[in-house]
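Work through the exercises below with the model open. Each task is followed by a solution in steps.

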Amino acid sequence: MRIAVFRPDDGRAAAAASVLEALGAEPVVDPMLAVEPTGTVPRTDADYAVFTSTSGVELLAAANWPAGETVVCAIGSSTAAALREAGYTVDVVPDDYSSAGLVAALADRVDGARVEVARSDHGSDVLPDGLVDAGAYVHETTLYRLVRPAGAGSSTDLAARGQLAGACFTASMTVENFLAAADERGIRAPAVAGLNDAVVGCIGEPTRERAERAGIDVDVVPEVAAFEALAEAVVERARGP
């Protein structure tokens, strides 16, 4: 049971492979994202600071960013866990692990407040625009850039040949970069068709929406935005009754 995984090759790809192996699947590790730090750090004078990924947390921890009196917000459980492991107190985690969910959680609290949003260069406008609409003064810091690693795309060949049982997409950019790699090989249509014959899982609604816009049928979106939950759902569906 070959399951493709697209996590960055910074320890997360290996960890994801281990999860799939423990579930009895054969991982196809094809990192579709690489993190390029910008060297910038979040502001220290904000009332609220929002973090959206474990990559961002690793960078702010390495820079010894002082939270001080800032209310620390995490968009999901994985980011919150990384913050706590780095020694930060997490004050706000929305029930809905999404930009819209975090806006809803903060909407009644940030009127007139300074909010620092620290994330990648590919964040959507939903978060800053929603906070501005709630009356916040928003400053955004780009902690890192997300790029497609050279040589990525072995999974597209397997998909085009119908040799994948499933795929685990963990960010909208993993979908975009999968498609770009398939385009470069001239196999986009058969690669998408191969995915549609397999079990496709997406870690959240934005990723699902991006996949479906490209004609990819999404079979599972776990309730918890964590790779373990995604992998379990994909393997269970691929295994069948």
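**Exercise 1: an aromatic cluster**

Phe 169 and Phe 178 are both buried, where buried means under 20% relative accessible area, exposed over 50% and partly exposed in between (1.4 Å probe, protein chains only). This is a predicted model: local features need pLDDT of at least 70, side-chain atom pairs count only at pLDDT 80 or more, and totals for chains, interfaces and linings use all residues. Residues are numbered from 1 along each chain as its sequence is written, and side-chain values use heavy atoms, with hydrogens and water left out.

Task: classify the pair of Phe 169 and Phe 178 as stacked, tilted or edge-to-face.

Step 1. Rings of Phe, Tyr and Trp (its six-membered ring) pair if their centres lie within 6.5 Å; planes under 30 degrees apart count as stacked, over 60 as edge-to-face and the rest as tilted.

Step 2. Phe 169 and Phe 178 have ring centres 5.8 Å apart and planes at 90°, so this pair is edge-to-face.

Step 3. Phe 6, Phe 169 and Phe 178 form one aromatic cluster.

**Exercise 2: the core around the rings**

Task: find which residues have the most contacts inside the largest nonpolar core.

Step 1. A nonpolar core is a set of buried Ala, Val, Leu, Ile, Met, Phe, Trp, Tyr and Cys residues joined through side-chain atoms within 4.5 Å.

Step 2. The largest one has 25 residues, and Phe 169, Phe 178, Leu 195 and Ile 216 have the most contacts inside it.

Step 3. Leaving out residues up to four places away in sequence, Leu 195 touches residues including Phe 169, Phe 178 and Ile 216 (contact: heavy atoms within 4.5 Å).
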